[in-house]
Structures are given as structure tokens and as C-alpha cells.
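Please examine the structure below with the following questions in mind.

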Amino acid sequence: MPLICLRDIKKHYGGVNGAPKVAILHGIDLDIGTGEFVAIVGASGSGKSTLMHILGCLDPPSSGQYLFNGEDIATLDSDQLAALRREAFGFVFQAYHLIPTESARENVEVPAIYAGMNETVRQVRATELLQRLGLGERLDNRPSQLSGGQQQRVSIARALINGGHIILADEPTGALDNNTGEEVMNLLSDLAAQGHTVILITHDYKVAAQAQRVIDIQDGRIVSDSQDRHEDTREHNHRRPTGDALLPRSNPSNPHAIALIWDELRDACRAAWRVLRINRARTLLTLLGIIIGVASVVVMLAVGEGAKRQVMTEMNAMGPNMLYVSSTVPDNGGPRGVITEEDIAAMAQLPDVLRVMPILRDPALVRFGDISRRYEILATNEVMPAINRWPVAQGRFYSAEENRNVAPVAVLGYGVYQQFFPQGANPLGLQVLIKDAPYEIIGVMAEKGAESGYSYHDERLYLPRRTGMVRVFPAQRNESYIQLEALSSDQVDRLEQQLKTLLLERHGRDDFRVSSNAARLQAELATRNSMTLMLVLIAAISLLVGGIGVMNVMLMTVRERVREIGIRMATGARQQDILRQFVTEAALVSLLGGAIGAALSLAIIIVLDLAEVPVAPSLSALLGAIFCAMTTGIIFGLIPARQAARLNPVDALSGE
Ligand code: ADP
Ligand code: MG
């Protein structure tokens with residue numbers, strides 16, 4: 001059985017979408033046996049290349065039957081056809097068709113990559129082949145750095161890397177001068193002598209004469225076949241050893257799947273990196289959208305989170321569980337309310353209350369030595385340090401008993417202490433005069449302003465409540481306000497309601513006000529949250545725009561690299577290989593953009609931090625943004641990649 005068997009093969013172009021139907025091949029019958037060296041010769045435009053594309057499974061015939069090794073090609077799907085191109089055929093083109101961005105050796109490796117050959121094996125084999133073809137010194141040169149003859153030898157090496165059982169050479173000498181052309185012909189003759197099946201296509205009868213069998217084609221018909229006169233040659237050919245004598249046939253014995261994916265990924269990365277580097281300015285411009293998107297997402301989240309944390313800190317400093325009750329003039333007129341001792345006692349009985357601190361507050365003249373100043377006097381009970389989480393720095397706070405006994409003692413705020421004791425002397429046991437009456441200094445509060453920003457707390461003197469009521473402000477019969485601490489922050493709202501109900505019941509009118517820190521801060525937090533949300537939305541939009549940029553550039557890339565795609569398909573890439581390559585490239589472009597954006601965001605966050613803007617950078621936001629960028633790239637890269645994968649190999653090869 002012949003290796004290749006064509007029966008009544010016809011091919012026409014057009015005939016769809018109103019394009020005129022042009023018949024190119026008008027019924028070709030042709031048998032080619034293993035190991036034959038056949039030349040198909042004919043004038044330009046006679047349909048030789050069309051026939052070669054059909055022979056090489058790059059293009060299906062319009063009608064007729066093609067049996068390869070007895071198997072009907074029409075029954076194979078596109079992946080099986082790709083496998084056939086990869087394993088059985090090796091193409092050599094007039095225009096060499098090397099991938100311009102890859103080196104000689106990498107070009108030779110391309111079919112082996114798609115055959116799943118291990119990287120080291122593949123490199124060794126490519127190097128060996130190139131050395132045998134006299135290009136040992138040129139392994140790392142790009143096609144543009146090679147002469148025509150050298151490029152053609154690279155393409156022959158590429159045709160051989162997977163075994164090259166059948167070499168399909170379309171005008172291999174067409175672009176070469178006579179001497180170089182002759183060298184290439186000798187090479188093909190050698191290959192034929194070594195057992196490769198060589199199908200040479202040429203318009204030159206002198207070139208064709210070097211083959212053992214010459215088939216003449218005119219206007220899409222075979223007009224003569226020298227085999228008809230040389231039966232014995234064919235018999236001789238059929239007895240020749242099959243397969244590849246130059247190198248053993250490649251046997252990609254299902255290499256380890258993970259290693260294969262890793263190999264592929266690395267190849268794709270390398271290819272992508274090369275393309276990005278060649279178009280540096282364009283790449284950078286494309287990446288800008290992604291860079292800005294990622295940087296803004298990360299920075300905005302960090303700033304938003306920083307602001308939120310600041311509010312939380314503030315809230316904690318002010319006490320998240322705190323409520324305040326004060327008397328007021330009712331809305332509908334009448335005298336100002338009075339919160340009595342009995343009211344305070346009743347409040348203390350409420351189940352959700354942890355601490356109650358009635359506060360009497362007024363300024364008074366304070367003297368120490370020859371310093372005389374007005375300070376605010378805050379008279380309250382002994383729970384003050386506990387309720388405000390505010391420790392005493394020196395000495396002690398007054399006790400409940402001192403409060404009951406109206407003891408003439410005072411605790412200084414830190415600012416007051418600094419004013420009276422600029423040298424930092426020990427104040428304990430000394431006396432200050434408040435409204436000209438002496439009070440013993442028993443303690444100094446820790447500095448409050450430093451941590452919370454409430455430095456006015458430091459500019460006060462703290463006295464027992466009853467001392468204040470009896471000795472300092474005897475005329476004042478009302479509490480300034482009452483601070484209460486709820487058992488927990490969850491109970492603040494409930495306690496607020498309880499207090500309102502209680503006081504309304506006791507007073508019979510609305511002459512008081514109850515408020516909490518939590519409510520105020522909650523409102524502030526909500527505004528900041530919605531602002532963060534808006535900013536993140538803007539950032540997300542810029543990421544989207546970045547994704548569109550990536551798509552745009554990938555579409556351009558696909559258009560620019562149509563020929564490369566054709567070459568890859570002709571050398572055995574499946575559609576999914578092409579798809580994967582371009583998706584990987586898109587993912588890499590956006591990953592690069594994401595990484596730059598992340599670096600930029602870190603720089604901005606550092607600057608903001610130095611400028612004392614509260615920022616709280618988070619690793620998850622950073623990684624999330626990079627991940628989003630990459631996903632955007634993949635999603636937007638899919639369309640161009642599919643466009644690339646769906647290209648017809650023949651159209652792609654002839655494309656620009
Ligand atoms: P040869 O290789 O013998 O010079 P080809 O096989 O390349 O000839 O082309 C044969 C004829 O088919 C030419 O007239 C060419 O214009 C036409 N042809 C080739 N490809 C296409 C195509 N994709 N669409 C329409 N016509 C085509
Ligand atoms: Mg041609």
C-alpha cells in the first residue's frame with residue numbers, strides 16, 4: 001500500500017459569500033510510496049502549492065479522497081491532523097518561514113515542543129541537527145542574522161527534528177542563488193538517500209530532474225508522471241528502509257504532565273517576554289491601565305482601611321461603651337431639667353450599666369507658689385481612671401472613702417503638673433490653692449494628649465465629687481453631666497433606650513439628653529466606608545480599561561504574528577496550543593502590569609505613611625489586585641487568542 005494515495009482530489013477557492021468560485025485542482029490521482037524522492041513540477045500558478053498544502057494536511061481538499069498510510073484524512077479531527085503534521089511531515093518553504101523573534105536553535109525546537117519532547121533532549125537534538133547542517137556556529141542567531149541558505153538549512157533542521165519522514169519542500173531553492181540552491185538540493189538528495197520520503201515542489205525542470213520521479217502538473221492536472229516509465233525505480237524505492245536514518249524518530253512517550261505544563265509555560269513566558277521587549281514603548285503604554293488600576297486599588301484600600309482604623313482607635317480612646325446624660329431645656333419650653341441624686345442612683349440600677357460617673361465641671365483659679373492660673377476643675381467619683389482607662393502616673397487616685405469624707409485632696413492632670421513643676425520635682429504631699437483653699441496633691445495622671453489627641457484632659461485638676469460639691473462649687477446644685485459605661489459595646493444602644501425611658505418616667509418630660517460615642521463614630525465610619533467603596537469602584541474601572549488595553553494589544557499582536565501562527569500550526573501546533581500561548585502572553589502582560597502597579601502602590605503607601613496619612617496596607621489586597629489584573633488579562637486575552645487559534649494554517653502562512 002502506498003504511503004500517500006490521492007484519488008480524484010479537487011480544490012477550489014471561493015464560491016461562498018458571493019466570491020467567484022475558482023477551481024484550482026481538477027481531479028488529482030497520485031500514489032507516493034515510502035522513501036520516494038518525488039518532484040512535482042509545473043508553471044507558476046499551476047496549483048503545486050495548493051497540492052502541497054493538501055498533501056501536508058494544512059488544507060482539506062474540496063472533494064476526493066486522501067489516504068495516508070491507508071487512513072482517510074477526512075476522518076481525522078484538527079488535533080489529529082496537527083499530530084500528523086508534527087509526527088509525519090516536515091515542511092520546507094520557499095520563504096523559509098522561520099519565527100523572527102526566536103534563535104536558530106529555538107526555531108528548530110518548535111515542532112519538538114509541540115510533540116512534548118523533553119527540553120534537554122530537544123536542545124541536544126536541535127543542536128546536533130544544526131551542526132550536521134553546518135550551522136554549529138549559528139545556534140543563537142536570529143533569522144534576520146542569517147543568510148538565505150542558512151535560513152533554509154535551519155528550516156530543514158526544523159523539518160527533521162521530529163523525524164521528518166516526509167519532507168515537503170515547496171520551492172526550497174526559489175529564493176536562493178544557484179550555488180546555495182544546489183547545496184540545499186544536495187541536502188534533500190542525501191535525505192532521500194537516507195530513507196526520507198521527499199516531495200519537492202518546483203517550477204524549475206532542471207531542479208526537478210534531480211529527483212527520482214518527476215510529476216508534471218499543469219493547470220491543476222497531472223500531465224505526466226515519470227514513474228509510469230520507471231517501474232523498477234519505484235520497486236527499488238519501496239525496498240528501501242523506512243523512517244529516519246539521520247536521527248531516530250522522536251518518541252514523545254507521554255512525558256510527565258506537570259513537567260510538560262511547566263515546560264510549556266516557560267516557553268510561553270520566554271516568547272511573551274521577547275515580544276514585550278521588542279515593543280517596549282507599546283507594552284508600557286498598554287500596561288499603564290493595569291498599573292494605574294492595581295496601584296489605585298491597593299492604595300485606596302490601604303487609605304480607606306487606615307482611616308477606618310483611625311476611627312476605631314479614636315472610638316476606643318473615647319470609649320466605645322460610653323454614654324452621656326445631661327440635662328437640658330425641653331423643646332416645648334419650661335425650666336431646665338435637673339438630674340437628681342435619686343436619678344443617678346436609679347441609673348446605676350439599670351442591668352446594662354457597668355459604671356456611673358457623675359461629673360461636676362467648672363473653671364476655678366488655682367495657685368501654686370507664685371504661679372496663678374485658671375484651670376478646669378473636674379469633680380467626680382473614684383471610678384474615673386477605670387472608666388476612662390487612664391492610669392495614674394505618680395501617687396494614687398482618691399478613694400471612695402475620701403469622696404464620702406469630702407477630703408481636701410487633688411490629682412493633677414499632666415499639663416498642670418508640668419506647669420507647676422517644670423523641673424519634674426515630686427509633687428506628692430504638697431498643696432495647691434483652689435479658690436484660696438488648700439488641697440493636698442496625692443497624684444498625677446498619665447499624659448493623655450500624647451496617645452489620643454485629647455490634650456485638654458491634661459489641663460485639669462481632679463477632685464473627689466463631694467469635695468467639689470461642698471468645698472469648691474457649693475452654689476452649684478446640678479451635675480454638669482453623667483458619664484456611663486455599658487457592660488459591652490453591643491449594649492450601648494439598648495442602654496441608651498433604657499436611660500431615656502427611665503428619665504422620661506421619672507421627670508415626666510423630655511428635659512434631658514442621652515448620647516453615645518458609638519452612634520457618632522458609627523455615622524463617621526459609614527461615610528468613610530461609602531467613600532472607600534466609591535474609590536475602589538473607580539479603581540476597578542481603571543483595571544477594566546487596562547484589560548481592554550491588553551485586549552487591544554493582543555489583537556494587534558495576533559495580527560502582526562499571523563505568519564508565526566501559521567508556522568506553528570504547520571509544524572504541528574494544535575489550536576489549543578496556539579490558544580494557550582496567546583492567553584499566557586496576555587496573562588503575563590497583565591501580571592507584569594500588576595507587579596509594577598503593586599510596586600508603585602507600595603511606594604505611594606510609603607510616601608503617604610511618611611506624610612503621616614493613616615494607611616493600613618494589606619497583603620491580601622495586594623495579591624488580590626494582582627490576581628484581578630491577571631484574570632482581567634486572561635479574560636480579555638481570550639478573544640484575541642481564539643482569533644489566533646482559529647486561523648486557517650494556509651491563510652496564516654501566506655498572511656502578513
Ligand atoms: P503554484 O504554487 O503552482 O504557483 P498555487 O497552488 O499557489 O500555484 O496557486 C494556484 C492558483 O490558485 C493560483 O492561480 C492562485 O492565484 C490561486 N490561489 C491560491 N490560493 C488561493 C486562495 N486562498 N484563494 C483564491 N485563490 C487562490
Ligand atoms: Mg507555489
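Predicted model: local features only at pLDDT ≥ 70, side-chain atom pairs only at ≥ 80, totals over all residues.

Residues are numbered from 1 along each chain as its sequence is written, chains are lettered from A and ligands numbered from 1 in the order in which they are written, and side-chain values use heavy atoms, with hydrogens and water left out.

Q: Which helix gives the most residues to the shell around ligand 1?
A: The shell holds residues with a heavy atom within 4 Å of the ligand. Around ligand 1 it includes Gly45, Lys48, Ser49 and Thr50. Helices and strands are DSSP runs numbered from the N terminus (helices H or I, at least four residues; strands E, at least two). With three residues, the largest contribution to the shell around ligand 1 comes from residues 48-55, helix α1.

Q: Which residue places a polar side-chain atom 2.7 Å from an oxygen atom of ligand 1?
A: Polar contacts are pairs of N or O atoms within 3.5 Å. The side-chain contact at 2.7 Å from a ligand 1 oxygen is made by Ser49.

Q: Why is strand β7 largely enclosed by the rest of the structure?
A: Buried means under 20% relative accessible area (1.4 Å probe, protein chains only). On one side of β7 lie Ile166, Leu168 and Asp170, and on the other Ile167 and Ala169, with both faces covered. Strand β7 is largely enclosed because its buried residues number five of five.

Q: Which residue of β8 is the bridge partner of Asp170?
A: Two strands pair if DSSP finds at least two bridges between them. Strand β7 pairs in the parallel sense with β6 (residues 89-93) over five bridges, and β7 also pairs in the parallel sense with β8 (residues 197-202) over five bridges. Asp170 is the β7 partner of Phe93, and in β8 the partner of Asp170 is Ile201.

Q: Which residue in the turn between β16 and β17 has a positive phi?
A: Strand β16 (residues 431-434) has Val432 and Ile434 on its covered face. Strands β16 and β17 (residues 437-445) pair in the antiparallel sense over four bridges, and Val432 has Tyr439 as its partner in β17. These strands form a hairpin with two residues between them, and the turn residue with a positive phi of about 50° is Lys435.

Technical notes
Polar contact = N/O pair within 3.5 Å; in protein donor to acceptor, adjacent residues only side chain to side chain. Buried < 20%, exposed > 50% of the residue type's maximum accessible area, 1.4 Å probe, protein only.
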